[in-house]
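Colleague: I have not looked at this structure before. Could you take me through how to read it, one feature at a time?

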Amino acid sequence: MKKIKRVLGILFALGILVAAYIWFFVYNKPHRNFEKAKPDITMSARQCYHEFSQNKIHAGGKVLEIYGIPTSVKKSDSLVVVVFAFKKGMFGDNGIRCTMLADNQKKALALSTSDTAYIKGFCAGYNGSDVVLEDCSIIHKSKIK
Amino acid sequence: MKKLLITAFVLLFALPTYAQRYVTKNGYISFYSKAPLENIQADNNQVECALDSHSGFFVVKVLMRAFVFEKALMQEHFNEEYVESAKYPNALFTGKVQNLKDINFSKPGTYPAVIKGKLTIRGISKPVTAKGTFTVTKSSIKGNAKFPITLADYGITIPAPVGGKIAKTVTITVKVNLNPLK
């Protein structure tokens, strides 16, 4: 009887541990930290836009690191977006739009068109006009010589 | 989907002048589902939208992977099982403002609007009517609308174990701040 009780106790404790694991690490697992993630693909912003717009690459859902000279940095409400524009389109300039993480917004606003910026983020895909990167961080910037 | 996007572009480009076209690339769309198991909300700030104030033609493009959920697991299920974002990366709405004569896009004010059109999700197009408002200011036009959609209409099936506990209809909220296309 004592042995059965002990086995039941162990099983109960194991059940609690499994339930806690599922609750914390599966059901409530945190969003991926893209600032710390290793990029799946690294390429120039121009090449990236070209490959997406020519349907040569399907990198939606991947972590991209792109580099190039930003055309502009736009601020609207709570968002700061670094834009690499390459073409005119129906919705304005087409290119790559990088929405910055909150703690990278200040760095992004300080970028100028004389900087080469290396930006990493989650690629939400191509919407027919733009390649959209989210949760972006500035890895590095260097002045054009 | 590609054909639909091209048709939308052609229709909009065929319109008279740039001066009548208002656009945004950071529009907001959310969907909200209230259900016994749990309420689900997702937000998307990467919405592209264009309005031609002369013809009333209205286009909204939504990247499905740009929806952000509170829970990472929900976001994974949404993309992989429900909307299949890898196969159908974009949703598209093309429509027309029905009561164009009641709206003066050059005079500041808030105007009720009715937009009828076609919403395409997962390659399935269904007619949609959205009621909302256009708020005209000196520099921009703010658009707000809310409308329900039924998931089954777009071939989105909820797995049997949770079927009864997740809402079959979700409310879509649209907020766009449109600026003149330069």
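Predicted model: local features only at pLDDT ≥ 70, side-chain atom pairs only at ≥ 80, totals over all residues.

Colleague: Let us begin with the contact. How many residues does the contact take from chain B and from chain A?

Modeller: Chain B gives 33 residues and chain A gives 32 residues.

Colleague: What is the count of salt bridges between chain B and chain A?

Modeller: The count is two salt bridges. One of them joins Glu76(B) to Lys29(A), where the closest N and O atoms are 2.4 Å apart. Polar contacts are counted separately, and between chain B and chain A there are 14 residue pairs of that kind, with both residues at pLDDT 80 or more.

Colleague: Which elements give two or more residues to the side of chain B that touches chain A?

Modeller: They are helix H1 (2–13), strand E1 (21–33), strand E2 (40–52), strand E3 (57–63) and helix H2 (72–82) of chain B. H1(B) gives the most, with six residues. Sorted by class, this side of chain B has 16 nonpolar, six polar and 11 charged residues.

Colleague: Now the rings. How is a pair of aromatic rings described?

Modeller: By the distance of the centres and the angle of the planes. Over all chains, the count here comes to 11 aromatic pairs. Take Phe69(B) and Phe78(B): their ring centres are 5.0 Å apart and their planes are at 50°, so this pair is tilted.

Colleague: Are Phe69(B) and Phe78(B) buried or exposed?

Modeller: The cut-off needed here is that buried means under 20% relative accessible area. Phe69(B) has a relative accessible area of 5% and is therefore buried. Phe78(B), at 7%, is buried too. Ring pairs also link these two with Phe31(B) and Phe67(B) into a cluster.

Colleague: Phe78(B) is one of the buried residues of H2(B). How do I read a helix of that sort?

Modeller: An α-helix has 3.6 residues a turn, so residues three or four places apart point the same way. In H2(B), the buried residues are Ala72(B), Leu73(B), Met74(B), Gln75(B), Phe78(B), Asn79(B) and Tyr82(B).

Colleague: What do the buried residues of H2(B) pack against?

Modeller: They pack against helix H1 (2–27) of chain A, together with E1, E2 and strand E4 (68–69) of chain B.

Colleague: Which residue with a positive phi follows H2(B)?

Modeller: Glu84(B), whose phi is near 50°. Glu84(B) is found in the loop between H2 and strand E5 (90–97) of chain B. At 25% relative accessibility, Glu84(B) counts as partly exposed.

Colleague: Where does Asp135(A) lie, and what is its phi?

Modeller: Asp135(A) is in strand E7 of chain A. Its phi is near 50°, a positive value in a residue other than glycine. Asp135(A) is partly exposed, with a relative accessible area of 33%.

Colleague: Now a loop residue. Where does Asp130(A) lie, and what does Asp130(A) touch?

Modeller: Asp130(A) sits in the loop between strand E6 (115–126) and strand E7 (131–143) of chain A. With a relative accessible area of 1%, Asp130(A) is buried. Setting aside residues up to four places away in sequence, Asp130(A) touches Asp93(A), Asn94(A), Gly95(A), Arg97(A), Gly125(A), Lys25(B) and Glu48(B). The backbone nitrogen of Gly95(A) lies 2.9 Å from a polar atom of the Asp130(A) side chain.

Colleague: And which residues is Gln105(A) in contact with?

Modeller: Apart from its neighbours within four places in sequence, Gln105(A) is in contact with Ser78(A), Leu79(A), Val80(A) and Met100(A). Gln105(A) lies in helix H3 (residues 105–109) of chain A, and at 18% relative accessibility this residue counts as buried.

Colleague: Last, Val59(B). How far apart are Val59(B) and Ser85(B)?

Modeller: They are 26 residues apart in sequence and 20 Å apart in space, C-alpha to C-alpha. Val59(B) lies in strand E3 of chain B and is buried, with a relative accessible area of 0%.

Technical notes. Residues numbered from 1 in each chain as written. Chains lettered and ligands numbered in written order. Heavy atoms only, no water. Contact = heavy atoms within 4.5 Å. Salt bridge = Lys/Arg side-chain N within 4 Å of Asp/Glu carboxyl O. Polar contact = N/O pair within 3.5 Å; in protein donor to acceptor, adjacent residues only side chain to side chain. Helix = DSSP H or I, 4+ residues; strand = E, 2+ residues; numbered from the N terminus. Nonpolar A, V, L, I, M, F, W, Y, C, P; charged D, E, K, R; others polar. Phe/Tyr/Trp six-rings, centres within 6.5 Å; stacked < 30°, edge-to-face > 60°. Buried < 20%, exposed > 50% of the residue type's maximum accessible area, 1.4 Å probe, protein only.
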